[in-house]
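The stops below go from side chains out to the whole chain.

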Amino acid sequence: MIRSLLDTWWVAVYELGEAVRTRLFQLVILAYLGGIGFSVWLFTEILSEAEARIAETLMVPATKTPGALLPQLLQNGDIRDLLAPLVGGDQAALALLDQPPLGLWVGVFSMGLLPMVLVFTASGTVSAEIRSRSIRFLLVRTGRLEIAVGKLVGQTMLGLVAATLGVGLAWGMGMVMMTGNDPVALAVTLATRCAWSCVFAIPFVGLAMGASLLVGNPNGARVFAALTFFAMPMCGAILTHYSGPDFAGRLCDLALLAIPMRYWTEFWSTDLTVQLTATGRSVILATLYFALGFARFQRRDL
């Protein structure tokens, strides 16, 4: 048991080291950081426009750097109205507004972007080695389960690396482009929200790894994972439309449990029990997606 865990750990470390050095991962990370940087810029632009209207109403000069009139925007509900559609409604937004709004805003973008990053990077990790037959060198040292789980853990660690870089970028831009930000509170909110983004992304890592284990071609695995990823919201909308108290409606409700996007608002709850429940469901979904791919990988002639 200990040997198996050690092998899994070293495969994860190897996966992390190899992935970080690849040009593909570096390009994807740059795209993710570009999205996070864009989110900070967009927030400051929205804030500038809102503060200009407030300044005109109060007949005071408009500020060059946004943030000075943030308390007034919080008081009159502008920030609440901005965040409410993204975090699950007015009540959810009100419960979160004791935290820096910029941190919440970046958290929304992180939760939206990080799953896409991991679906793209993780879906080719095993299938590329299957196609090149280099996976045989790993099989000499350890078993198939240790390889698959280790790569799953390694890709999850890649998500943590991406999220950490995003936190640093958003914090630095927020401190430069805005005024009135408490550096400690902003850092804590960014770190917390991006950590929950990593948890939210766990099922998508499982989905991508399942595709990589199922399809022996990296490009095919990426296409399969991407199509599944983008089809999930549409399937969720259809299932929600047909869900109801009858038998077919209850089957739709049951199928909705397999759509990880439906747990978005639960990760924005201020109730830790709700967040931990959503975490447990995310881990179960990741395990299910992974197991479906591993069933094929276990029988594959390598």
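## Charges over rings

Select arginine 144 and phenylalanine 297: the charged end of the arginine sits over the phenylalanine ring, 5.9 Å from its centre. A charge counts as over a ring if NZ of Lys or CZ of Arg is within 6 Å of the ring centre and within 35 degrees of the ring normal. Next, select arginine 193, which lies over the face of tryptophan 268 at 3.8 Å from the ring centre.

This is a predicted model, in which local features need pLDDT of at least 70 and side-chain atom pairs count only at pLDDT 80 or more, while totals for chains, interfaces and linings use all residues. Residues are numbered from 1 along each chain as its sequence is written, and side-chain values use heavy atoms, with hydrogens and water left out.

## Aromatic pairs

Colour Phe, Tyr and Trp. The structure holds 11 aromatic pairs. Tryptophan 105 and phenylalanine 109 form a tilted one, 5.4 Å centre to centre with 45 degrees between the planes. Rings of Phe, Tyr and Trp (its six-membered ring) pair if their centres lie within 6.5 Å; planes under 30 degrees apart are stacked, over 60 edge-to-face, and the rest tilted. Both residues lie in helix 6 (residues 101–122), four residues apart, about one turn of the helix. Helices (H or I, at least four residues) and strands (E, at least two) are DSSP runs, numbered from the N terminus.

Move to phenylalanine 200 and phenylalanine 204. This pair is tilted too: 5.6 Å centre to centre, 55 degrees between the planes. Buried means under 20% relative accessible area, exposed over 50%, partly exposed in between (1.4 Å probe, protein chains only).

Now widen the selection. Ring pairs link Trp196, Phe200, Phe204, Phe229, Phe230, Trp264 and Phe267 into a cluster.

## Threonine 279

Select threonine 279 in helix 14 (residues 272–299). What does threonine 279 touch? Not counting residues up to four places away in sequence, its contacts (heavy atoms within 4.5 Å) are Trp196, Val199 and Phe267. Threonine 279 is buried, with a relative accessible area of 18%.

## Zoom out

Show the whole protein chain as a cartoon. There are 14 helices and zero strands. The C-alpha trace spans about 75 × 50 × 35 Å along its principal axes. Buried residues make up 45% of the 302 residues.
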